[in-house]
Amino acid sequence: MHKKLDELSVETSASNLSLGGLLLNELAPEPVTYPLVSFIIRNWNYARFVGSAIRSVRNQTYPNFEAIVVDNGSTDDSRAEIEAAIADDPRFRTIWLDENLGALAGALKGLDVARGDFVTFVDSDDYLLADFAAMHVQAHLALPRGVAFTSSAVIEIDATGAALGTGLRGLQLETRNGGLRSSFLVLRLSEVSGAQFDQLDRSIVAHPPTENGWLWSPGTSNMFRRFLLKTIRPRAKPEVMFGLSADGHFCRLAHVFGGSATIAMPLSAYRLHGDNFFAGNPALDGVVDVSGPARRFFPARRREAMRVLVEDAASLSARMGAWRFWSSIAQVLDSDGVSSVQVFEAPQAQAIISENLPLLFATFGKWNTLRKLRELMSRSALQAILHAADHGSAAYAPRMIGIEISMLEARLRRKRRAKAARRGLRR
């Protein structure tokens, strides 16, 4: 019998963190511990795979973690496999749901009781390599600036475990935006050797929040900061969330809030077995593979991301800054890395904006909202949104003329400044 949720205590013994080659506990006035990592393993009828996922968590070289297994009402032999794989490991807890709530709602059940500083959602058909947690935590501790989450490359395997390929399943970027700080200047984990740290430094790319497009590998590959997950968690009812995934919801929202970093090193395995929710084929250069049923839930995913932004708009815009808040609207509505103007030409995006106009008006004021939206999109797109929201564009015409004039003046000022700068460079 596994520990109940309220019976488990997590050991946080003094660690072997070092700074500048010296043990931190010899420098600090009190013991300094490793951050706690929470692994949330979601399972539904994957009895044939879930044991490997659990054992991969148990085999982590990183010493300070807890694991929460959420079974979504499986009807196969999953329970027996889960209990056998956990054995008597006190770091594991189990949540047995009576019905399948879906991947995202199941993940939230685990998140509700997670206590870690960092969280990884583990799909039960995938598994982690032994140094997954150590390398991700080391990346978070050594990046020049904190990021919302890190995402690592994967080994693609088939249902039998045969290797099919290696790499990031997100966008393959040619530019390098920065590695880690010097190993002498950051907190070092004893589980990460000098050679591993150097390899991590060479393989990591930091992505600012304004960088667009899907940059990341699937859910098991990501390690998030837990405090941020609680800020951007979905607000919909479970039945609305049923077709949504944890990485589909959290990756883009977390990125626009606090940026991300990708690690080109493979630190987990992504299993292609024919029943994948998102991608069921090996990754190919220049090909976006959504061979699973995930694509039909993209509109619901965008609506839920937009709901999170708008319902907490006042707080989020204050924390992110007004310009980034408004540009993030375009980012969460898009999956293909196109410009914000192109995003709002799509009828689906226009429909989502029109649904949320009342909340935006209430938070920012009617005319300020219209001004911000006009800066993001074409005049015709904004008119279509007003029409869909039963706000006749004719009623807004006088004030919209003023908005158009002020935007024209702003463009002219920018051109004059750019011209003056070029003239100054020639002197």
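Colleague: What joins the side chains of Thr-220 and Asp-126?

Modeller: A polar contact of 3.1 Å joins them. The model is a predicted one, in which local features need pLDDT of at least 70, side-chain atom pairs count only at pLDDT 80 or more, and totals for chains, interfaces and linings use all residues. Residues are numbered from 1 along each chain as its sequence is written, and side-chain values use heavy atoms, with hydrogens and water left out.

Colleague: Why is the link between Thr-220 and Asp-126 called a polar contact?

Modeller: The term requires a pair of N or O atoms within 3.5 Å; within protein, one must be able to donate a hydrogen and the other to accept it, and residues adjacent in sequence count only if both atoms are side-chain atoms. The distance here is 3.1 Å, so the contact falls within the 3.5 Å limit. The side chain of Thr-220 also reaches the backbone nitrogen of Asp-123, at 2.9 Å.

Colleague: Why does Thr-220 count as buried?

Modeller: Its relative accessibility is 1%, and buried means under 20% relative accessible area (exposed is over 50%, partly exposed in between; 1.4 Å probe, protein chains only). Thr-220 therefore counts as buried.

Colleague: What makes the pair of Phe-325 and Phe-364 tilted?

Modeller: Rings of Phe, Tyr and Trp (its six-membered ring) pair if their centres lie within 6.5 Å; planes under 30 degrees apart count as stacked, over 60 as edge-to-face and the rest as tilted. By this rule there are twelve aromatic pairs. Phe-325 and Phe-364 lie 5.5 Å apart, centre to centre, with 45 degrees between the planes, so they form a tilted pair. Phe-325 belongs to helix α12 and Phe-364 to helix α14, 39 residues apart; helices (H or I, at least four residues) and strands (E, at least two) are DSSP runs, numbered from the N terminus. Both Phe-325 and Phe-364 are buried.

Colleague: How do you know that the charged end of Arg-79 sits over the ring of Trp-96?

Modeller: A charge sits over a ring if NZ of Lys or CZ of Arg is within 6 Å of the ring centre and within 35 degrees of the ring normal. The charged end of Arg-79 is 4.0 Å from the centre of the Trp-96 ring, which is within the distance limit.

Colleague: How do you know that strands β1 and β10 pair?

Modeller: Two strands pair if DSSP finds at least two bridges between them. In β10, Arg-188 is the bridge partner of Ser-18.
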